[in-house]
Amino acid sequence: MSTLFFKMLPKMATLQRIVEKGIVAVVRAETSEKAEKIAKACMDGGIDTIEITFTVPGAHQVIEGLSKKFRQDELLIGAGTVLDSETARMAILSGSNYIVSAGFDSETAKLCNRYQIPYMAGCMTPTEMIRALEAGVDVIKVFPGSVFGPSFIKAIKGPLPQAPLMPTGGVSLENVDQWIKNGCIAVGVGGELTAGAKSGDYGSITETAKEFIRKIKAARGQ
């Protein structure tokens with residue numbers, strides 16, 4: 001995808017990239033160096049859309065470091081566990097291309113819409129999802145996905161076929177195809193993908209990333 005496209009339509013290009021890839025790697029790291037290694041391992045495996053959670057001390061510095069190290073067409077960086085608009089603004093100024101939250105916050109939605117940054121808000125019930133969609137949320141993060149499993153997506157798609165859904169929590173190599181086939185535009189994956197970083201086995205992250213990409217493509221009939 002050309003650099004010009006990102007300059008012209010950054011929000012649309014970001015969302016398109018996430019949908020095309022079908023997966024967001026949820027990265028938790030103590031330092032920018034470790035985050036960079038995880039990001040590189042994911043990139044080597046075909047996943048170039050990652051989320052740095054704000055549960056990590058100095059998360060905005062990790063985001064800033066990665067945004068300086070890699071071009072946006074190489075690595076699409078998001079900020080996760082964003083609970084308020086103040087944190088969202090900090091993340092955006094640090095280089096975050098999209099904002100992810102465990103819940104829905106109207107002020108964060110307003111801020112992201114103001115600056116045309118995609119907002120993925122955590123929701124579980126149809127009422128929460130409708131409220132988020134009305135506020136201009138771009139992607140509904142079904143969280144925690146492990147509570148109901150892939151069958152929940154098909155149930156939600158009945159009354160809300162227009163809802164762009166992305167589960168986080170409970171997504172594994174064994175069931176990722178079910179999430180996609182049931183109607184998810186993408187999935188968010190953390191420990192199931194990045195567990196190797198705990199022991200310094202970044203090669204296993206790359207291999208797991210390749211397998212996730214393969215299964216997502218197969219589920220889409222590609």
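Two strands pair if DSSP finds at least two bridges between them. Helices (H or I, at least four residues) and strands (E, at least two residues) are DSSP runs, numbered from the N terminus. This is a predicted model, in which local features need pLDDT of at least 70 and side-chain atom pairs count only at pLDDT 80 or more, while totals for chains, interfaces and linings use all residues. Residues are numbered from 1 along each chain as its sequence is written, and side-chain values use heavy atoms, leaving out hydrogens and water.

**Stop 1: the sheet**

Start by selecting the strands. Eight of them form an open sheet in the order S7-S6-S5-S4-S3-S2-S1-S8, with parallel pairing. Strand S7 (165-167) and strand S8 (187-189) are at the edges with a single partner strand each, so one side of each has no neighbour in the sheet. From one strand to the next, the twist averages 30 degrees; the angles used on this tour run from 0 to 180 degrees between N-to-C directions, with axes as lines fitted to C-alpha atoms, for helices over the stretch in contact.

Next, select strand S3 (residues 76-80) and strand S4 (residues 98-100), which pair in the parallel sense over two bridges. Here Ala-79 stands opposite Ile-99 in S4. Then move to strand S1 (residues 23-27), which runs parallel to S2 and is joined to S2 by three bridges. Look for Ala-25, whose bridge partner in S2 is Ile-50.

**Stop 2: strand S2**

Are the residues of strand S2 (residues 49-53) buried or exposed? Five of its five residues are buried, where buried means under 20% relative accessible area, exposed over 50% and partly exposed in between (1.4 Å probe, protein chains only). In a regular strand, side chains alternate between the two faces of the sheet. Show the side chains: Thr-49, Glu-51 and Thr-53 point one way from S2, while Ile-50 and Ile-52 point the other way.

**Stop 3: helix H3 and its partners**

Two packed helices are described by the angle and the distance between their axes. Select helix H3 (residues 32-44) and helix H4 (residues 59-69), whose axes come within 9 Å and cross at roughly 50 degrees. H3 and H4 are therefore oblique to each other (under 35 degrees counts as roughly parallel, over 145 as roughly antiparallel, 65 to 115 as roughly perpendicular and the rest as oblique). The contact (heavy atoms within 4.5 Å) is made by Ser-32, Ala-35, Glu-36 and Ala-39 of H3 and Val-62, Leu-66 and Lys-69 of H4. While H4 is selected, notice that H4 also lies across S2 and S3, running at about 155 degrees to S2.

**Stop 4**

Most residues other than glycine have a negative phi, and most peptide bonds are trans. What joins Phe-143 and Pro-144? A cis peptide bond does, with omega about -5 degrees. Find Pro-144 in the loop between strand S6 (139-142) and helix H8 (151-157).

Select Thr-81 in the loop between S3 and helix H5 (85-93). Its phi is positive, near 55 degrees, and Thr-81 is partly exposed, with a relative accessible area of 26%. Finish at Gln-116, in the loop between helix H6 (106-115) and strand S5 (119-123). Gln-116 has a positive phi of about 55 degrees although it is not a glycine.
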